[in-house]
Amino acid sequence: MVVDDAGLLERREELETLGEVVDALGKGAGRFVVVEGPAGIGKTRLLAAARTYGKLAGVHVIAARGTELEQDFAFGVVRQLIEPTLVRADEAERAEFLSGAAVQAAGLFGAAMSDQQEVRPSGDFALLHGLYWLVSNMSQRQPVLLVVDDLHWADAPSLRFLLHLLPRMEDLPVAVVAGLRSGEPWAPAHLLELLTNDAMCQTIRPASLSRPATERLLRDVFGQTPDSEFTDTCHLATAGNPLLLTELADALAARKLTPSQGNAAAVEEIGSQAVTRIVNLRLAQLSDHAAALARATAVLGEGTPVEWACALASLQTNTGDLAVTELAQVSVLHPLSGDAVDPRPRLGFVHPLVRAAVEEGMGYGALIEANSRASELLIGAGAPAERVAAHLLKLPPRGGPPQTVQVLREAARTAADRGSPAAARSHLQRCLQEPLDDEERVELLVELGTITQMVDLAEAAEYLRQALAVTGDPLQRALIAWHLSVAFVMLRRSDEVVAVVDDAIARLPESEDDLCRALEATVVAVRVMEPGRHGLTDRVARLSRLPPSSTVGGRMLDSVIAYYEASCCDTTAVDRALRSLSDNVLGDHPAAASFAAGGWNALTAADHDIDIQLLDAAIKSAHRHGSLPSAATAYAYRGLSWLRRGALAEAETDLREAVRTGDASDAKSGSPIVGPHLAETLIEQGRLSEAHDALVWAGLPGDVAPPTGLAYHLLLNRARLLRLKGDQEQALKVALAAGRRFADHGGNNPAYVPWLSEAALCLNALEDQEQAEHYAEDEVALAQRWGAPRALGRALRVAGLVRGGDEGLSRLQESVTVLAPSTAQLEYAKSLSELGAALRRTNQRRAAREPLLQACELASRCGAKPLLERSLLELHASGARPRRMATTGVDALTPAEQRIAELAATGQSNRDIAQSLFVTAKTVEVHLSSAYRKLGISGRRDLVQALEGGVSRTTS
């Protein structure tokens, strides 16, 4: 695109970048660009240029702006972007935009849904998923450019949507250009940091104007060349900030001053606070009506309807119109046209700094009075509760209208429904400062405690503790105790968990078996998660003998007991886990979803075929109505299941999605499961530096384990990384620490933590064969007790490696036999490789070639580059000379390729497949192309026959 500088000084490079964004949209490629800088640097003008370029290129340009007043409006910026398009669309277009998974977002757009049944998903992740497909559907009709100004004032759910969109937009005709003011202390820094630090985000940072540009701007304002000293003084006073410089020059020109050396003192008088001083000067020269309207608009916020601003300023319509004209003439306010959602004319400030200056000049007392009147005005006008709440939150306790608590609670429910627990918390906290009876206070404390668990566990626990202290109803006490015990488990306040649960159970009638089991589940969680809690062993054993229960509480208890049993090599864990996870009852119950992790762990450790299906169902639930934390957990365990199968690409995809989703949630906890297993996945691919980064993300900057929590996975993968980097002594030390920590949790199952074999490999490298054999054989015995092929095959392989000789060769052959029929393809490839290498070392070169060739094929299919390279070296050493290796046929397909190919064979489109598997359409296209190549076909028409009759063949 040919770029016009639009009258902007020294912004040619920035404008060219924005032109490239629009050009890329025309080619179907999305970009995410943030224009970042201090107030007044020209971000808004650059965004306006991007909008102009988009419109000239025939792109659908939609814009929004974050504001201070609306930071607590859940999905406020998203609604600004999307709702007008939905309202303007006819019925057929709207149905197209909201087709498929996009319908999950329909409930956000009440004004657009008058002709459709409202859909209310219960989780923030479901909303993000629906919004992604809504934007994707819109882009199929016309490329979309989303322009968001003042991103630092955007609400948190809208920022989460941009985070959700970011990794999925590269191959969509959707681009985002956003303006971000740097250095805002109240900005949602965590989410903004995730956005701006993402590899796909390009940041433009406009520089301050140079001295020559300052001189040019002054010349344009004054109509003559300024004196050198005058230019220097202006440049120094404003630091080259375009807005400050323009306002300063306009103020000087309004005083009829010339840009001469003698007037440099006037520049210093106004100084760098040009905007505030100039705005105050302008307001002082205006009529009382105009000044009152400016203050009313500052209180009500950007884009407020003219009628509301006039009502707050106590102005009649005609007087208000004159005031608007007066304010526009002096560049304080500018009129805004309505849109499809709200056609009423509105008002906005020429710049946020101007609004800030007007508000600052009002004083504390006047602001309190104005916000009080604004809340009453908006209640009378039937404004949404969240808009009224923005003013109520600025009032002192007991300083609002009688409806204060009612409005704030309604706003909190809206915020919670739309995935903004932080906003809901602030509304409910304010309610506590109002007059409440005991029953209402308990109800409010419970609501506040449960919603705050998503934001601050310690604070949530305090609210729930207060509620528990004042309620006398046994059933209500038990429900509160359950929420409180869950918070205490996460906070590692183990003794308090047991005390709270025991007290609640003692007061419950015997008929409340389901709630009793739910409470007991938190006690078992303490035994699982907290090291050294051996005193609870007898209690867990007693609970494990309870008769089965299909209730939610019964399944929660079964799931955590299954984890505990599996960690102790108790094979009854498998049936218990299957019982707890059947029909996805836990996954469909938001408050209980996290307890499903125990069952998933047990089934994954047992190499159970059904665990992928159960995890698919859990992920579907998360996309349908789940929260960000529940989605992160489901993706984490499906990633772990793929890893155990050796599907490294699929494992990395799911684990990275778990990282992104977990980071975006308000409950910002680095996962002791996700980080270590992502590190293991990367280690298997030879990406050791990235693996180290994953461990650091998970909370292990060094070699010392944190005092609490599930640190054994972190330690084990730290040991692996150290061993592969050649530090065998330190690796041994960390592996032994992993074993001690696992034992502190009551665990010994090598399917969970194979620390014995890891230590054996380190000892073998350190030439302590006797101790290495001892550790290796101990793991073999434990793996045989558990019986799962992956753990046993690994243990046998390590035992064979450290033992050597004929006995070692026998162990390696046994490992291959155990793993051959299993789903653990990567472990099978490793054992084949080691068996082939051992045969080659004993001069059985011909016999070595077949297992080595199979190892190469499997390593290639798994994406295990280091294993492939080692196996190829051994294959060459055996005398084989493979020119190339290419695996084709159905068996060569990765799990993702096979699933997508099977769906395509039924006639589903790429977009249909993408929605059903929760991936992008481009991902489907890439996998299908790879499948066609491996199957030796040219397209979909041959898929059915290829999948039914195709066989693998290997050429070398």
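Predicted model: local features only at pLDDT ≥ 70, side-chain atom pairs only at ≥ 80, totals over all residues.
Q: Why is α20 called roughly antiparallel to α21?
A: Helix α20 (residues 421-431) and helix α21 (residues 438-452) pack at an angle of about 155°, and their axes are 9 Å apart. Angles over 145 degrees count as roughly antiparallel, so α20 is roughly antiparallel to α21.

Q: Which residues of α20 and α21 meet, and in what kind of crossing does α20 pass α21?
A: On the α20 side they are P421, A424, R425, L428, Q429 and C431, and on the α21 side L444, E447, L448, I451 and T452. By class, this contact of α20 with α21 has 7 nonpolar, 2 polar and 2 charged residues. The crossing of α20 past α21 is left-handed.

Q: What makes α42 roughly antiparallel to α43?
A: The packing angle between helix α42 (residues 845-862) and helix α43 (residues 865-877) is about 155°, with the axes 9 Å apart. The cut-off for roughly antiparallel is over 145 degrees, and therefore α42 is roughly antiparallel to α43.

Q: Which residues make the contact of α42 with α43?
A: From α42 come R845, R849, L852, L853, A855, C856, A859 and S860, and from α43 come L867, L868, S871, L872, E874, L875 and A877. By class, the contact of α42 with α43 has 10 nonpolar, 2 polar and 3 charged residues. In passing α43, α42 makes a left-handed crossing.

Q: How do you know whether N371 is buried or exposed?
A: The relative accessibility of N371 is 3%. Buried means under 20%, so N371 counts as buried. N371 belongs to helix α17 (residues 364-380).

Q: What does N371 touch, not counting residues up to four places away in sequence?
A: With those residues left out, N371 touches V299, H391, K394 and L395. For V388, the C-alpha to C-alpha distance from N371 is 9.5 Å, at a sequence separation of 17 residues.

Q: Why does E36 count as buried?
A: E36 has 16% relative accessibility. That value is set against a limit of under 20%, so E36 counts as buried. E36 is part of strand β1 (residues 32-37). Not counting residues up to four places away in sequence, E36 touches K43, L180, S182, T203, I204, R205 and P206.

Q: What makes the pair of F125 and Y635 edge-to-face?
A: The structure holds 9 aromatic pairs. In the pair of F125 and Y635, the ring centres are 6.5 Å apart and the planes stand at 70°. Centres within 6.5 Å count as a pair and planes over 60 degrees apart as edge-to-face, so F125 and Y635 form an edge-to-face pair. The pair links distant parts of the chain, 510 residues apart: F125 lies in helix α5 (residues 124-141) and Y635 in helix α31 (residues 628-645).

Q: How do you know whether F125 and Y635 are buried or exposed?
A: F125 has 0% relative accessibility and so counts as buried. Y635 has a relative accessible area of 4%, so Y635 is buried.

Q: What kind of aromatic pair do Y132 and W133 form?
A: Y132 and W133 are 5.1 Å apart centre to centre, with 75° between the planes, and the pair is edge-to-face. Both Y132 and W133 are buried.

Q: Which residues do ring pairs link into a cluster?
A: The cluster linked by ring pairs consists of Y563, Y712, F742 and Y752.

Technical notes: Residues numbered from 1 in each chain as written. Heavy atoms only, no water. Axes fitted to C-alpha atoms, helices over the stretch in contact; angles between N-to-C directions. Helix = DSSP H or I, 4+ residues; strand = E, 2+ residues; numbered from the N terminus. Parallel < 35°, antiparallel > 145°, perpendicular 65-115°, else oblique. Left-handed = near helix turned anticlockwise from the far one by under 90°. Contact = heavy atoms within 4.5 Å. Nonpolar A, V, L, I, M, F, W, Y, C, P; charged D, E, K, R; others polar. Buried < 20%, exposed > 50% of the residue type's maximum accessible area, 1.4 Å probe, protein only. Phe/Tyr/Trp six-rings, centres within 6.5 Å; stacked < 30°, edge-to-face > 60°.
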